[in-house]
Amino acid sequence: MHEGTLRCPICGRNYRITGGIPRFVENGSYAASFGRQWQWFRRVQLDSQSGSTESARTLEATTGWTEADYRGRLVLDAGVGAGRFAEVVANKGGEVVGVDLSRAVDAAYENIGRRPNVHLVQADIMAMPFREGTFDLAYSVGVLHHTPDPERAFARVAAVVRKGGALAVYVYARYGPSHRFSDAIRRLTTRLPLPVLRAVSALAVPAYYLYRVPVISGPLGMVCPISRHPDWRWRWLDTFDWYSPKYQWKVLYPEVFRWFQSNGFRDIELFDEPIRMRGSKAA
């Protein structure tokens, strides 16, 4: 069904289905920048478009899950964006439900939404339209720190994982002084009109070569960080992604570990590159 209405028999509310996507929110709210971002950079991070395996490797580094873990499982992608990780899960035989607050879901639909094992929903992570214990696996890669309350967002995602299921997350770390400079810059950039910020972020494309000069690369990268990805499109996207969101929290390993513990997870594992963590929900 590409167009229609969903009706809740309990509360009596109606929810639109437009463009093949059920809509449980009216707009992107605090995540509106991501809606624009993924319309502008819709295909940049898709492995199928780039010819690389970078998204697949990033997902594996965050979750530790293999194709055997995904095959035949119902999987939640909490913060699907343009669908880079949902594409990987679908290719590995999982049935994936991608949720995003913003109009990024429209970009995801254009990329992967017509696949029979991909389902996309526009909804708030804080109020997802799923029963508790629905999913076998859930992951949230680079999303929870962009919500108003990362710990509460984690709890909502954790609640829809079934007992015996597993959850994996990647969030920004609050270690070292480098983020203080970019946080100061973000006080300005988050106030700029998004098209202006997109144009400013494009400066990261040629600036990359200046940031590779050994003598100045360290200080320059700390005071005014940009993406140093070798692909110029990815570099532009990542720099815009860093400076545009309204919320960008940084947390510590012990905080995230406690999130898992307090939501009933055990066998909690830490992975390389702060902060990547997964756990299994106690049965």
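Which residues in H1 meet which residues in H9? The first close-up below has the answer. This is a predicted model, where local features need pLDDT of at least 70 and side-chain atom pairs count only at pLDDT 80 or more, while totals for chains, interfaces and linings use all residues. Residues are numbered from 1 along each chain as its sequence is written, and side-chain values use heavy atoms, leaving out hydrogens and water.

**Close-up A. Helix H1 meets helix H9.** Ser33, Arg36 and Trp40 in H1 meet Leu194, Pro195 and Arg198 in H9 (contact means heavy atoms within 4.5 Å). These contact residues divide into 3 nonpolar, 1 polar and 2 charged. Here Ala, Val, Leu, Ile, Met, Phe, Trp, Tyr, Cys and Pro count as nonpolar, Asp, Glu, Lys and Arg as charged, and the others, Gly among them, as polar.

Close-up B. For Cys8, the nearest cysteine sulfur belongs to Cys11, 3.3 Å away. Cys8 has 23% relative accessibility, so this residue counts as partly exposed; Cys224, at 32%, also counts as partly exposed. (Buried means under 20% relative accessible area, exposed over 50%, and partly exposed in between, with a 1.4 Å probe and protein chains only.)

**Close-up C. Ser217 in helix H11.** Find Ser217 within H11, residues 214-223 (helices are DSSP runs of H or I with at least four residues, numbered from the N terminus). Its relative accessibility is 15%, so Ser217 counts as buried. Not counting residues up to four places away in sequence, Ser217 touches Tyr211, Arg212 and Arg228.

Definitions and conventions
Helices (H or I, at least four residues) and strands (E, at least two) are DSSP runs, numbered from the N terminus. A disulfide is a pair of cysteine sulfur atoms within 2.5 Å.
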